[in-house]
Amino acid sequence: MKKKICAALAAGLIAFGSFSLVDAAKPIMIQEQGSFTVGGTYKERPGKFSQENFVAEDGQRAYGDFAYVEYQKPVRAKKLPLIFQHGGAQSKRTWESGPDGREGFNTMFVRAGYSVYLVDQPRSGEANLSTEAVTPDTPWASNPMYGDKTLYVLSRIGHYDAAGNPVPNAQFPKGEKNYQAFQQSWTIGSGPLDNDLNADVLAELVNQQKDGAILVTHSMGGTIGWRTAIRTDKVKAIISYEPGGTPFVFPETEMPKITEARFKALSASAMGVPMEDFLKLTKIPIVLYYGDYIEMDSENVGEQKWACEYALAEQFVAAINRHGGDATLVHLPEIGITGNSHFMMQEKNSKQIMELALTWLKSKGLDK
């Protein structure tokens, strides 16, 4: 079945040929743009604030746990907006200009007529306030060196030669400048990762949209998307780029087989939910995209890690479809698109990746 789906998608791409769904040469006509926060709470210290001791905690509040949202609405926008949820140790920058300055998904989808909402999840990016202190088990907070070669390899951007120089994979732009730009995109969370909190806040944002919204998620943000669609029926579809790093959702009576990575901590994971909740995911179309360099037998820890995630994604899609849903898993090399890493939205063929999603949205009647 998966090969038939991929073949159909490939045929669709061939049919488009050199035709572009988005004209980047035309100016973007914006009807409205702005930013706001969603959700949030505070903790208050007992006592009375005094200007004589104005640095004391007495009577003061710690605010946090909200999302920051930046949005653009084009003239004559389509009915459903796209809400973009980033992955772990990232921010809304994931969806903005690539490391070499090429146009990001944020404006590419606006050009295609969609209103775009970019989210910084609670305790990340420009929502970087937390009511809870950061914990030692957040590796990129406790060790700033973790953000260099470790995350480069885990994201399958490429490898390193014998001298330790980065060697990017085919679609990632080459050069030290681009390498540094990619490395400068990581963020340190200001508090513990709480994906139920993240899903609660994202659901609140979705509920603010008159007709609902389409979620676009990446990596560790995948689980936030699944959980959000369980929390609100106003999620109308999900586009997920390489979900993983946090649990896939399964019926608690149908838990999947987990393929363990060589380093057990890099294995995929799953969480069980009541069947009633899982069935909510069968009511909307879902598509998952995975890039290249995904090999279970690879010595590259990133390639093996994402092979584990892909194996679980196959079971996730099968479970949704087994219960009458509409989920599609697309492995880009199987439809002739090669060389992409975990950050396909920032790479040299990002327009082609984006137009795949446009084609899928059109096929589901979500382009009106």
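**Note on the predicted chain**

1. The chain contains ten helices and twelve strands; helices (H or I, at least four residues) and strands (E, at least two) are DSSP runs, numbered from the N terminus. With a radius of gyration of 21 Å, close to the 21 Å that the globule rule gives for 368 residues, the chain is as compact as a globular protein of that length. That radius is taken over C-alpha atoms, and the rule is 2.2 Å times the number of residues to the power 0.38.

2. This is a predicted model, in which local features need pLDDT of at least 70 and side-chain atom pairs count only at pLDDT 80 or more, while totals for chains, interfaces and linings use all residues. Residues are numbered from 1 along each chain as its sequence is written, and side-chain values use heavy atoms, with hydrogens and water left out.

3. Along its principal axes, the C-alpha trace spans about 75 × 55 × 50 Å. Of the contacts (heavy atoms within 4.5 Å) with a separation of 6 or more, 74% join residues 24 or more positions apart.

4. Of the 368 residues, 52% are buried, that is, under 20% relative accessible area, whereas exposed means over 50% and partly exposed lies in between (1.4 Å probe, protein chains only).

5. Asn-53 is located in the loop between β1 (30-44) and β2 (61-74). Its relative accessibility is 43%, so Asn-53 counts as partly exposed. Tyr-152 is 99 residues from Asn-53 along the chain, and their C-alpha atoms are separated by 47 Å.
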